[in-house]
Amino acid sequence: MSDPAQQTIVIVGAGQAGGETASELRKLGFPGRVLILGEEPQVPYKRPPLSKAFLAGTLPEESLYVMQRQNLEKARIEFEGNVRVTRIDRARKRLALADGREIAYDKLVLATGGRARPLPLPGADAPNVFPLRTIADVQQIRARCQPGRRAAVVGGGFIGLEVAAVLVKHGLQVTVLESLPRVLARVTVPEVSAFFERVHREAGVDLRTATQVRGFEGAPEATHVVLGDGSRVETDFVIYGIGLIPNTELAQEAGLPVDNGIMVDEHARTADPDILAAGDCTNHPSEFLGRRVRLESVQNAMEQARAAAATLAGKDAPYRAVPWFWSDQYQYKLQMVGLSGGYDRMLLRGDPAQGAFAAFYLRHGCLIAADTVNRPQDFMLAKKLVALRAPMDDRLGDDSVPLKNLLPAA
Ligand SMILES: Cc1cc2nc3c(=O)[nH]c(=O)nc-3n(C[C@H](O)[C@H](O)[C@H](O)COP(=O)(O)OP(=O)(O)OC[C@H]3O[C@@H](n4cnc5c(N)ncnc54)[C@H](O)[C@@H]3O)c2cc1C
């Protein structure tokens, strides 16, 4: 084992996982060289505000940064932006860059995240049809966000709904087009979907479910969205949020196992002992779920990055967290813990009509997941209960019984 002080750790990807891996390496006392290479110009940054406060214009760009440039320098973390890594030469432990350079590594961390799934539709290449994944995407969208203009949002998932909330509050006329019969259908129950559909409609969003988008008309810019029934929606610009494609090509071309994500173990190690991976780009074993999973969340990116840094620093800190997630729309905070897929019973606590409630998901009588809306205390308790897979009874759905009374005795 070579002297760590002489080692170079290269991190590919300047997102939340890349930034956290670097800062955690320093916290753990790694003395060697740490270099982050990112395709975007910015230092590692956080994406959640992109569809929330940053789109609304109430948050400056610098507040997205995981670490400000001077703090990176203080921590001796080197960063190069506008750099695309095109190939990993595992035998020579070198990276090829798009600009022709080569960079040597002792250990490599792939934190390459993902890219917006493109809309495979005629007219989707028009210059006013945008994904929303990067600061650059938001800058382009914001330039078109004048009150009174019309925006079409394709996809009623988290990103689409958050964008709709921001734009309608900003005075735009917003139409959301979702192909499934309800919004958020892949992640929550009909009761939670119905709540968000109602609040969006009350805010003035023209929300259309079970609506297929067939393409876009107009040139050079799209002026109409063409729907499956042949009708058209007039628009000034389009934003789509229909999912993510993990950036796994580098790993795959280097011969590392990839299956809906770069395959890693709970220490973030790939099949190559000198290459680790963390964040949206990985497929990892989840002790909690009892299976492999690829997650797209800040919690996953941060905690997996910490496991990767620990492995690199020679420490044993496996990634075993229970997944959690949040979304902000209007004055509502949706917080989710666990994954609800496979539940056999759902209990509602509180009344959606009051704007604060929780959906609890049971399997074989045990709590496997919870979605809470404007119930932060319930969420904190739900995190504990879900982690324990606590056995639950009907009292879970009875708001007159305090949730903390249902915590199993220590
Ligand atoms: C609009 C939006 C809102 C979100 N809201 C929430 C939320 O409310 N809550 C939540 O938990 N999660 C949210 N997420 C998800 C969360 O932001 C992601 O899970 C998280 O950013 C993943 O971090 P990452 O570091 O794995 O990947 P990324 O943030 O995608 O970073 C990867 C970086 O690697 C770079 N890269 C890729 N390939 C190369 C290469 N070959 N060479 C150089 N650089 C490369 C990419 O350009 C990118 O900058 C949101 C995401 C988006 C887009």
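**Note on the pockets, ligand shell and backbone**

1. The second largest pocket holds about 190 Å³ of space. A pocket is an open set of points on a 1 Å grid over the protein atoms alone, with protein on both sides within 12 Å along at least five of seven lines. Volume is the space filled by probe spheres set on points joined across faces, edges and corners.

2. The model is predicted: local features need pLDDT of at least 70 and side-chain atom pairs pLDDT 80 or more, while totals for chains, interfaces and linings use all residues. Residues are numbered from 1 along each chain as its sequence is written, and side-chain values use heavy atoms, without hydrogens and water.

3. What lines the second largest pocket? The residues (an atom within 4 Å of a point) are Lys52, Ala53, Ala56, Thr58, Glu162, Ala165, Val166, Lys169, His170, Asp328, Gln329 and Tyr330. By class, five are nonpolar, three polar and four charged. Nonpolar means Ala, Val, Leu, Ile, Met, Phe, Trp, Tyr, Cys and Pro; charged means Asp, Glu, Lys and Arg; the others, Gly among them, are polar.

4. Helix H5 (158-169) gives the most to this lining, with four residues. Helix H2 (53-56) and strand E22 (324-329) also supply at least two residues each. Helices (H or I, at least four residues) and strands (E, at least two) are DSSP runs numbered from the N terminus. Domain 1 (4-115 + 244-312) and domain 2 (129-240) each provide at least three residues of the lining.

5. The ligand is surrounded by 34 residues (a heavy atom within 4 Å). Glu40, Arg47, Lys52, Arg133 and Asp280 are the closest. Lys52 also lines the second largest pocket. The shell divides into 15 nonpolar, 11 polar and eight charged residues.

6. Both domains take part here too: domain 1 and domain 2 each give at least three residues to the shell around the ligand. Helix H1 (16-27), helix H8 (298-312) and strand E22 each contribute at least two.

7. A polar side-chain atom of Lys52 is 2.6 Å from an oxygen atom of the ligand. Gln16 uses its backbone: an N or O atom there is 3.1 Å from a ligand oxygen. The protein covers 96% of the 1,000 Å² of accessible area (Shrake-Rupley, 1.4 Å probe) that the ligand has on its own.

8. The structure holds one cavity of 30 Å³ or more. A cavity is a set of points where a 1.4 Å probe fits but cannot get out. About 40 Å³ of space lies in the largest cavity. His284, Pro285, Ser286, Glu287, Tyr319, Arg320 and Ala321 line it. Three of these are nonpolar, two polar and two charged.

9. Two backbone points deserve a look. The peptide bond from Ala219 to Pro220 is cis, with omega near 0 degrees. Pro220 sits in the loop between strand E13 (213-217) and strand E14 (224-227). Tyr330 is not a glycine, yet has a positive phi of about 55 degrees. Tyr330 lies in the loop between strand E22 and strand E23 (332-338), and Tyr330 lines the second largest pocket. Most residues other than glycine have a negative phi, and most peptide bonds are trans.

Definitions and conventions: A polar contact is a pair of N or O atoms within 3.5 Å; within protein, one must be able to donate a hydrogen and the other to accept it, and residues adjacent in sequence count only if both atoms are side-chain atoms. Domain bounds come from an automatic or database domain assignment.
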